[in-house]
Amino acid sequence: MRTSVTSAGDIARDIPRAPPPMAMLAELTHRCPLACPYCSNPIELTRANEELSTEEWIGVFRQAADLGVLHLHLSGGEPASRRDLVELTRAAVSLGLYTNLITSGVGLTGARIGSLADAGLDHLQLSLQGVSPESADRIGGYQGGYERKMAVAAWVAGAGIPLTLNAVCHRENMGEIDAMIELAIRLKARRVEIATVQFHGWAERNKAALMPTREQVERATRTVAEAREKYQGVLVIDYVPADYHSRYPKACMGGWGRVGLNVTPSGRVLPCHAAETIPSLSFENVRETSLAAIWYDSDAFNAYRGEDWMPELCRSCERKKVDFGGCRCQAMALAGDASATDPVCIRSPLRERLTREADALSTTQSAGLIYRGR
Amino acid sequence: MSGDAPRISGSSVVKLARGVRLREDPVRGQTVLLAPESAMALDDIAVAIVEALDGKRSLERIAADFAEKFDAPVARIAEDVETFIHELAVRRMLEIVE
């Protein structure tokens, strides 16, 4: 009577090319009260009047559910900036989608969280910029943000909605990981996600200020390993290590067009958050084309599926089914070629140069933070 | 701050934590257990175990009920239930009722 249990990634593994998507990230809006220097949204943001309407979003959710999406992430920008957030949540839940709200907490009140709970919200992910009002509000560029987050966490716990704390770590707060984990437990979170900053979108401008040092990365990895052991069964710790300091690239998005898709505030459908940085691709819009046609048939989604696109270095590598050649947007940004081997791979000819650059950036003393404009 | 995970034994009564739910996945023809950032495809036996977590019966009671229903040795069933329950507990997918 053995039970076989697989993770989301494993479900997709045995199915031939282009399995149905598991997850959809709905970027409801680009509006956001915070000004985080590590924001991974594009430099050019979508304006409020271009956003999909309530009815349009609900139509996209319905298509996603029919297509096989199980997890829906309501994100942004700050999704609470949408006045119809509760209505959208209720619609998503009624379609059977596992609905997760990714929020900074700013714009949520006790009453609104109560309404979200009543609408059936499955889970809430609260971002954390630091473990004290001073450090958090400095990074978020928003006075009073930390205090509001603490209130939101208490309201969420009171409403019985499961909570994950979500922190981006970088050179300025890498030493706070222990404290982040302790705070997560104090706030009754079941999970914490600690993700090392990635240099997409706005964050690229802050590379010199945010790049962690090699020593910080090594210490963070040890801290996480110890905390995982100490808090097993109490807190699940998801950790995204710094890939500039790793040997192999991350399995970005679980493989291009393989597990998930993103919908931008105005309805463009992307294989990943940063895909629009690849100039050779053009993206279709749910206002004109069905989600199913975009997922299965569009050039952008098929561009880096499977192995045909891979350079010989990846195609002949035994890790091609582990990391799928790494991150296409990172290859674009660092190698100037979206179909190159991800330059963080130790087998990439660009790896040595990248290591030198990362080390130089991480010791840049003079870099100040450039805040995201609002 | 205590790092002690709640202990689960045969006499424990557990149920799925809020935010963890079972649903049919008609597109892939399977039953999945959904939780934050995870979707587990379950076989029939795992589904039966999850459905038995009613927040009333102890794990021992559930194993005994299965042994009778499927005419199988209770010790082996209890071991399977325990292994699966441990996996769910580590992933914070259970609430301990008592």
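In this predicted model, C36(A) sits in the loop that runs between β1 and α2 of chain A. The residue is buried, because its relative accessible area is 10%, under the 20% cut-off. Leaving aside residues up to four places away in sequence, C36(A) touches Q129(A), I139(A), G140(A), W202(A) and R372(A).

C36(A) also turns up in the annotation. An unreviewed UniProt entry puts a "binding site" feature at C32(A), C36(A) and C39(A). C32(A) belongs to the loop between β1 (23-27) and α2 (54-67) of chain A. How exposed is C32(A)? With 30% relative accessibility, C32(A) comes out as partly exposed, while C36(A), at 10%, is buried.

Now for the sheet. Chain A has an open sheet of nine strands, and reading across gives the order β7-β6-β5-β4-β3-β2-β1-β8-β9, with mixed pairing. β7 and β9 (269-270) of chain A are the edge strands, each pairing on one side only. In general, strands of a sheet pair through backbone hydrogen bonds, in either a parallel or an antiparallel sense. For β8(A) and β9(A) the sense is antiparallel, and two bridges make up the pairing. Across from V269(A) in β9(A) stands V263(A).

A few spots in the backbone deserve a look as well. Most peptide bonds are trans, and most residues other than glycine have a negative phi. Where does the chain have a cis peptide bond? One such bond joins G76(A) and G77(A), and its omega is about 10 degrees. G77(A) falls in the loop between β2 (71-75) and α3 (85-94) of chain A.

A relative accessible area of 32% makes M253(A) partly exposed.

Note on methods: Residues numbered from 1 in each chain as written. Chains lettered and ligands numbered in written order. Predicted model: local features only at pLDDT ≥ 70, side-chain atom pairs only at ≥ 80, totals over all residues. Heavy atoms only, no water. Helix = DSSP H or I, 4+ residues; strand = E, 2+ residues; numbered from the N terminus. Buried < 20%, exposed > 50% of the residue type's maximum accessible area, 1.4 Å probe, protein only. Pairing = 2+ DSSP bridges. UniProt positions renumbered as here; feature names shortened; annotations may be inferred. Contact = heavy atoms within 4.5 Å.
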